Amino acid sequence: KGEGTLAREIKAGAAIGLGHCFLNEKNYIKARHSFLKAMVVHFSDEFSPEAIYHSALCYEQLKKKEPGAGNRAKWLFSDLIKRYPTSEWTKKAKDKGYKE
């Protein structure tokens, strides 16, 4: 039997909170891991747009260190815009110049 929605929401929120802690420390690799975990493992419609946005930001920050990270950032921002067109996180991605 699968995990309940409330439990997934709580775990997704916790993973995002942890991601923000790592972002504040400029530890983009650990931050990205937390945001991706929120997005994939603890999928939640409430938290996924934020998780996608911030994981894309982490990839953006890592593009000088990791080959392909810039492309992953573009792909994630594009996916965010397609999947969540009315999200506040989509607006932020568009404000950064990203498109579908």
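1. Buried means under 20% relative accessible area, exposed means over 50%, and partly exposed lies in between (1.4 Å probe, protein chains only). By that scale Asp-95 is exposed, with a relative accessible area of 55%. Lys-91 also counts as exposed, at 52%.

2. On provenance: this is a predicted model, in which local features need pLDDT of at least 70, side-chain atom pairs count only at pLDDT 80 or more, and totals for chains, interfaces and linings use all residues. Residues are numbered from 1 along each chain as its sequence is written, and side-chain values use heavy atoms, with hydrogens and water left out.

3. Overall fold. The chain has five helices and zero strands. Helices (H or I, at least four residues) and strands (E, at least two) are DSSP runs, numbered from the N terminus. The order of elements from the N terminus is α-α-α-α-α. The radius of gyration is 13 Å, close to the 13 Å that the globule rule gives for 100 residues, so the chain is as compact as a globular protein of that length. That radius is taken over C-alpha atoms, and the rule is 2.2 Å times the number of residues to the power 0.38. The C-alpha trace spans about 40 × 30 × 20 Å along its principal axes.

4. Burial and surface. Of the 100 residues in the chain, 46% are buried. The chain exposes about 6,100 Å², and carbon and sulfur atoms supply 54% of that area. Accessible areas come from the Shrake-Rupley method with a 1.4 Å probe; for residues, only the protein chains shown count as cover.

5. Core. The largest nonpolar core holds 29 residues, and Tyr-53, Phe-77 and Leu-80 touch the most other members. Such a core is a set of buried Ala, Val, Leu, Ile, Met, Phe, Trp, Tyr and Cys residues joined through side-chain atoms within 4.5 Å. Helices H1 (5-24), H2, H3, H4 and H5 each supply at least two residues of this core. H3 gives the largest share, seven residues.

6. Contacts. A contact means heavy atoms within 4.5 Å. Among contacts in the chain with a separation of 6 or more, 50% join residues 24 or more positions apart. Beyond its neighbours within four places in sequence, Leu-80 is in contact with Pro-49, Ile-52, Tyr-53, Pro-85, Trp-89, Thr-90 and Ala-93. Ser-55 sits in helix H3 and is buried at 0%. Leaving out residues up to four places away, Ser-55 touches Phe-35, Leu-36, Met-39 and Leu-76.

7. Salt bridges. The whole structure has four. The criterion is a side-chain nitrogen of Lys or Arg within 4 Å of a carboxyl oxygen of Asp or Glu. Glu-66 pairs with Arg-32, with the closest N and O atoms 2.7 Å apart. Glu-66 lies in the loop between helix H3 (48-61) and helix H4 (69-83) and Arg-32 in helix H2 (residues 28-40), so the pair ties together parts 34 residues apart in sequence. Both residues are buried, Arg-32 at 11%. Not counting residues up to four places away, Arg-32 touches Cys-58, Tyr-59, Leu-62 and Glu-66.

8. Two further bridges. Lys-96 and Glu-60 meet at 3.3 Å, N to O. Lys-96 lies in the segment after helix H5 (88-95) and Glu-60 in helix H3, so this pair ties together parts 36 residues apart in sequence. Lys-96 is partly exposed at 38%, whereas Glu-60 is buried at 16%. Lys-91 bridges to Asp-95, with the closest N and O atoms 3.0 Å apart. Those two are four residues apart in helix H5, about one helical turn.
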